[in-house]
Amino acid sequence: MKTFKIEKYGIKIRKKLKVDSEKKDNLDEDLMVEIIIPTLNEESSIGKLLREIKSQKIPVKISILVIDGGSTDKTIDICKKENVKWIQQKSKGKGNAMREAVEFSNANVIVFIDGDGTYSISDLETMLEPLLNNKADMVVGTRIKEKREKGSISVLNSIGNRLFNRAINFALKSNVTDSLSGYRALTKQMFNDLILFSHSFEIEVEMTVEAIAKGYRVIEVPISYKKRTGTVTKLNPTSDGIKIGQTLLFILMNVNPLKFFGVICLGFIIVGLYPGILVMYEKIVLGDVVSIPSVTLAALLFVTGGISLVVGLLSELVVRSRRRIEYMIRKRY
Ligand SMILES: Nc1nc2c(ncn2[C@@H]2O[C@H](COP(=O)(O)OP(=O)(O)O)[C@@H](O)[C@H]2O)c(=O)[nH]1
Ligand SMILES: [Mg+2]
């Protein structure tokens, strides 16, 4: 059974990837790391990124796979010129691109990195170290303030990110600091074990929640983050933000329904206390209840709170049954 744990900058990152001496003997001979890069019109950054990956000196077999979402600029020409593997995405959206790429890949370790040059290849070693030394099942690069270029994350995105992190941490008792990070390393096997439905930018949040909920060891490591140059972000803060929020809401409901509906129940009870106490006061001090609307309101709020709790209990039952079925299926296969 894997430990249910998430660590903030959990382990000491060594300066060099320690796969050289004793660890090397234990390293799977077939170990292959594939760097998957989703792209959509990234001509101004993709060439430099590809060259940086090719010139990195990490002592493991590394290949590159670009999955393109229908770029109309020179992105594909650059990939051809740099002689890297690239495929055209069949569906639409970053989430779909990532799933399609993993399905196509023959590697056993996957690293996702954006093609816009905002994440740095010099952090690759830091990303791989915990994974290859079996200290984590998924490593997420967290864009800490100290290593972030000024203006690289907009205020709106930063607020959204913090909101999502808080919701995740509350529901899962975790310590996530960057649920939206696009720099992630994990095994292909683990990726396939995660149930991911997201088509677009919700995929990162979904991966984080799914991984923690399934008991995988998720570790965040501090990484640098640069400002996007030359091109514009494909993420729409409003529409994509709402989509990410919606996805998160449904996953959290699915992961921990009793807690989710418990909070809603508590909300109704707390709000209902005001008219409730008012009515009690009238009855005890004045001898008679005069404000009938308060009675109705209090009753409505308390009943709705009660219903929320019942819904939470029923949902918990459904989720637990589903987990038992999943467990039985996994045991069988
Ligand atoms: N294949 C593919 N890549 C996409 C799609 N949308 C965005 N991307 C890429 O995903 C990465 C992250 O997108 P970006 O616009 O930088 O989002 P942000 O980092 O959240 O601002 C970039 O490399 C984009 O080119 C898509 O629909 N398909
Ligand atoms: Mg970006």
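Helix axes are taken here as lines fitted to C-alpha atoms over the stretch in contact, with angles running from 0 to 180 degrees between N-to-C directions. In this predicted model, the axes of helix α10 (residues 257-286) and helix α11 (residues 292-332) come within 8 Å and cross at roughly 165°. Because angles over 145 degrees count as roughly antiparallel, α10 is roughly antiparallel to α11. The crossing in which α10 passes α11 is left-handed. The contact of α10 with α11 comprises 21 nonpolar residues, nine polar residues and one charged residue.

The protein chain is divided into two parts, with domain 1 spanning residues 5-255 and domain 2 spanning residues 257-332. A distance of 39 Å separates the C-alpha centres of domain 1 and domain 2. Four residues from domain 1 and four residues from domain 2 take part in the contact. On the side of domain 1 that touches domain 2, helix α9 (residues 239-255) supplies the largest share, three residues. By class, this side of domain 1 has three nonpolar residues, one polar residue and no charged residues.

Ligand 1 is surrounded by 19 residues, of which P38, G69, A97, T233 and K234 are the closest. Two or more residues of the shell come from each of the elements β2 (32-39), β3 (61-68) and α4 (94-104). In terms of class, the shell around ligand 1 contains seven charged, seven polar and five nonpolar residues.

Definitions and conventions:
Residues numbered from 1 in each chain as written. Chains lettered and ligands numbered in written order. Predicted model: local features only at pLDDT ≥ 70, side-chain atom pairs only at ≥ 80, totals over all residues. Near = placed C-beta within 6 Å. Helix = DSSP H or I, 4+ residues; strand = E, 2+ residues; numbered from the N terminus. Nonpolar A, V, L, I, M, F, W, Y, C, P; charged D, E, K, R; others polar. Domains from an automatic or database assignment. Contact = placed C-beta atoms within 7 Å. Parallel < 35°, antiparallel > 145°, perpendicular 65-115°, else oblique. Left-handed = near helix turned anticlockwise from the far one by under 90°.
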